Amino acid sequence: MSDEFKQYVISLYQDIPQEVYKGLLSVFCIGLVVFSAWKGLKTGLRYSAVLLLVEYIFLLFCSTVIFRTSGDTRQYDFHLFWSYSRPDLFVENIMNVVVFIPVGLLLGIAFKKMTWWKALLIGCGISVTIETLQFFFMRGFSELDDVMHNTLGCLIGFGVYAIGRYGYERIIRVHASW
């Protein structure tokens with residue numbers, strides 16, 4: 001099973017030129033330094049989380065639309081849960097959840113007033129945009145199951161953030177009362 005996960009990750013990012021990764025890393029490092037010097041460490045880290053979120057979403061678009069090879073025909077299935085009848089798509093379904101977990105996590109870190117339903121709408125919107133572009137440009141397989149899995153991943157990521165923040169705030173309150 002781990003070989004299937006590894007193969008999926010490789011296939012997702014193999015077509016993106018190395019220069020894209022180097023450029024994004026450079027922009028992030030420069031942004032981290034500039035934002036931290038300009039706004040202070042705490043606010044600078046939040047700004048850097050916004051930058052990292054934008055870069056991660058850009059990488060998702062690169063791997064699913066921009067650098068993906070075009071097909072000859074449109075491939076799609078807009079029936080919900082159709083992929084559950086195919087055991088060979090189990091790993092792909094799980095990975096469609098996993099690749100969106102950082103989106104939800106970064107949304108929580110980057111935006112103080114983010115709520116779960118806003119994270120749901122943003123995750124769904126990003127996924128619908130990707131699937132629509134895949135459909136129109138004939139890049140990959142466009143399906144509603146991907147939207148559902150990606151949105152779930154975004155919610156899981158935001159949930160991890162929310163649980164972590166709740167735990168952090170409880171620890172701070174306990175230490176403040178000592």
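A: Let's start with Lys118, which is partly exposed, as its relative accessibility is 32%. Here, buried means under 20% relative accessible area, exposed means over 50%, and partly exposed is in between (1.4 Å probe, protein chains only). Before going on, note that this is a predicted model, in which local features need pLDDT of at least 70 and side-chain atom pairs count only at pLDDT 80 or more, while totals for chains, interfaces and linings use all residues. Residues are numbered from 1 along each chain as its sequence is written, and side-chain values use heavy atoms, with hydrogens and water left out.

Lys118 sits in helix α6, which covers residues 116–137. Helices (H or I, at least four residues) and strands (E, at least two) are DSSP runs, numbered from the N terminus. Together with Lys42, Lys112 and Lys113, Lys118 forms a positive surface patch. A patch is made of residues with over 30% relative accessible area and no salt bridge, where like charges are joined within 9 Å and nonpolar side chains (Val, Leu, Ile, Met, Phe, Trp, Tyr) within 5 Å. For charges, Lys and Arg count as positive and Asp and Glu as negative, with His and the chain ends not counted. The place of a charge is taken as NZ of Lys, CZ of Arg, CG of Asp or CD of Glu.

Beyond its neighbours within four places in sequence, Gln134 is in contact (heavy atoms within 4.5 Å) with Thr64, Val65, Arg68, Arg139, Phe141 and Ser142.

Another kind of patch can be found elsewhere on the surface. Tyr76, Phe78, Leu80, Phe81, Tyr84 and Leu144 make up a nonpolar patch with about 620 Å² of accessible area together. Such areas come from the Shrake-Rupley method with a 1.4 Å probe, and for residues only the protein chains shown count as cover. Helix α4 itself (residues 90–98) has Val91, Asn93, Met95, Asn96 and Val97 buried. Among the elements covering these buried residues are α1 (2–13), α5 (101–110) and α7.

Next come the salt bridges, each a side-chain nitrogen of Lys or Arg within 4 Å of a carboxyl oxygen of Asp or Glu. The count is two. In one, Asp88 pairs with Arg86 at 2.8 Å, N to O; Asp88 is exposed at 53% relative accessible area, whereas Arg86 is partly exposed at 36%. In the other, Glu169 meets Arg165 at 2.9 Å, N to O. Glu169 and Arg165 are four residues apart in helix α7 (residues 144–176), so about one helical turn separates them. Glu169 is partly exposed at 30%, and Arg165 is partly exposed at 33%.

Finally, step back to the whole protein. Its secondary structure comes to seven helices and two strands, in the order α-α-α-β-α-α-α-β-α from the N terminus. Of its 178 residues, 35% are buried. The protein exposes about 11,000 Å², and carbon and sulfur atoms supply 70% of that. Its 15 positive and 14 negative charges have mean positions 19 Å apart.
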